[in-house]
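Definitions are given where a term first comes up.

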Amino acid sequence: MVNSRVESSAVAVTGGSGGSGRSCAGCGGRISDRFLLFSMERYWHTRCLKCSCCQAQLGEIGTTCYSKGGMILCRTDYIRLFGHSGACSACGQSIPASEMVMRAQGNVYHLKCFTCATCRNRLMPGDRFHYVNGTIFCEHDRPGGALLSSHLTPLQNSTLLPDQKVC
């Protein structure tokens with residue numbers, strides 16, 4: 001089982017023996033192919049070790065794959081989703097490559113730092129937010145929106161700012 005910590009794993013192409021009796025970690029079927037892959041301490045059919053995002057067959061595109069959050073990823077999708085190690089755009093502190101992050105307009109944030117500038121509520125994946133001049137606002141506190149006395153009051157439609165969604 002792929003766990004939630006980051007693992008970088010080599011993808012080794014091995015000659016199959018036809019009668020090896022090894023089971024594929026992807027489909028569970030018996031591997032009798034001429035070639036098989038060994039990655040993350042498990043054996044795979046070449047067609048079964050795929051990136052969870054782009055579905056690229058990992059044995060064909062490189063010798064490294066990554067696992068995090070229950071996903072198996074190619075290098076491109078790992079970097080796209082989790083970024084390189086670097087600094088948080090909010091606090092300036094270092095972000096290790098193994099840590100989950102939030103992204104907005106090319107900036108990277110610690111999960112705890114991805115908060116509304118007005119109310120300081122933490123934004124979660126799926127929450128709507130507005131990104132104005134490098135500042136994050138929840139949907140209720142967006143600039144140009146009606147002033148609300150409560151975060152529970154529904155918002156009126158506004159065409160001033162495009163909605164964005166955390167992915």
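**Notes on the model**

1. Cys91 lies in the loop between strand S7 (86-87) and strand S8 (94-95); strands (E, at least two residues) and helices (H or I, at least four) are DSSP runs, numbered from the N terminus. With a relative accessible area of 36%, Cys91 is partly exposed. Here buried means under 20% relative accessible area, exposed over 50%, and partly exposed in between (1.4 Å probe, protein chains only). Leaving aside residues up to four places away in sequence, Cys91 touches His110 and Cys113, where a contact means heavy atoms within 4.5 Å. Cys91 and His110 are 19 residues apart along the chain, and their C-alpha atoms are separated by 8.5 Å.

2. Basis of the values. This is a predicted model, in which local features need pLDDT of at least 70 and side-chain atom pairs count only at pLDDT 80 or more, while totals for chains, interfaces and linings use all residues. Residues are numbered from 1 along each chain as its sequence is written, and side-chain values use heavy atoms, with hydrogens and water left out.

3. Gln93 is exposed, at a relative accessible area of 52%. Not counting residues up to four places away in sequence, Gln93 touches Gly86, Ala87, Cys88 and His110. From Gln93 to Tyr109 the C-alpha distance is 9.5 Å, with 16 residues of sequence separation.

4. Other cysteines. How many disulfides does a search of the whole structure find? The search returns zero, a disulfide being a pair of cysteine sulfur atoms within 2.5 Å. Cys27 is in no disulfide, and its nearest cysteine sulfur, that of Cys48, is 3.9 Å away. Cys51 is in no disulfide either, with the sulfur of Cys54, the nearest from a cysteine, at 3.8 Å. Cys27 counts as partly exposed at 48% relative accessibility, whereas Cys51 is buried at 1%.

5. Overall content. The protein has two helices and 13 strands. Of its 167 residues, 32% count as buried. Among contacts between residues at least 6 apart in sequence, 33% join residues at least 24 apart. The accessible surface comes to about 9,900 Å², and 49% of that belongs to carbon and sulfur atoms; the areas come from the Shrake-Rupley method with a 1.4 Å probe, and for residues only the protein chains shown count as cover.

6. Helix H2. Which residues of helix H2 (residues 75-82) are buried? They are Asp77, Tyr78 and Phe82. Seen down the axis of H2, these buried residues fall within an arc of 105°, so they line one face of the helix; the arc is that of the directions from the helix axis to the C-beta atoms. The buried residues of H2 pack against strand S5 (64-68), strand S6 (71-73) and strand S9 (101-104).

7. Aromatic pairs. The structure holds four aromatic pairs. Rings of Phe, Tyr and Trp (its six-membered ring) pair if their centres lie within 6.5 Å; planes under 30 degrees apart count as stacked, over 60 as edge-to-face and the rest as tilted. The Phe38 and Tyr43 rings have centres 4.7 Å apart and planes at 50°, so this pair is tilted. Phe38 is partly exposed at 27% relative accessible area, and Tyr43 is partly exposed at 25%. For Tyr109 and Phe114 the centres are 5.3 Å apart and the planes at 65°, so the pair is edge-to-face. Tyr109 and Phe114 are buried, and together with Phe129 they form one aromatic cluster.

8. Arg22 and Tyr43. The charged end of Arg22 sits over the ring of Tyr43, 4.1 Å from the ring centre. The criterion is NZ of Lys or CZ of Arg within 6 Å of the ring centre and within 35 degrees of the ring normal.

9. Positive phi. Most residues other than glycine have a negative phi. Met40, in the loop between strand S3 (35-39) and strand S4 (42-45), has a positive phi near 55°. Met40 counts as buried at 12% relative accessibility. Arg120 has a positive phi near 65° and is placed in the loop between strand S10 (107-110) and strand S11 (128-132). At 60% relative accessibility, Arg120 counts as exposed.
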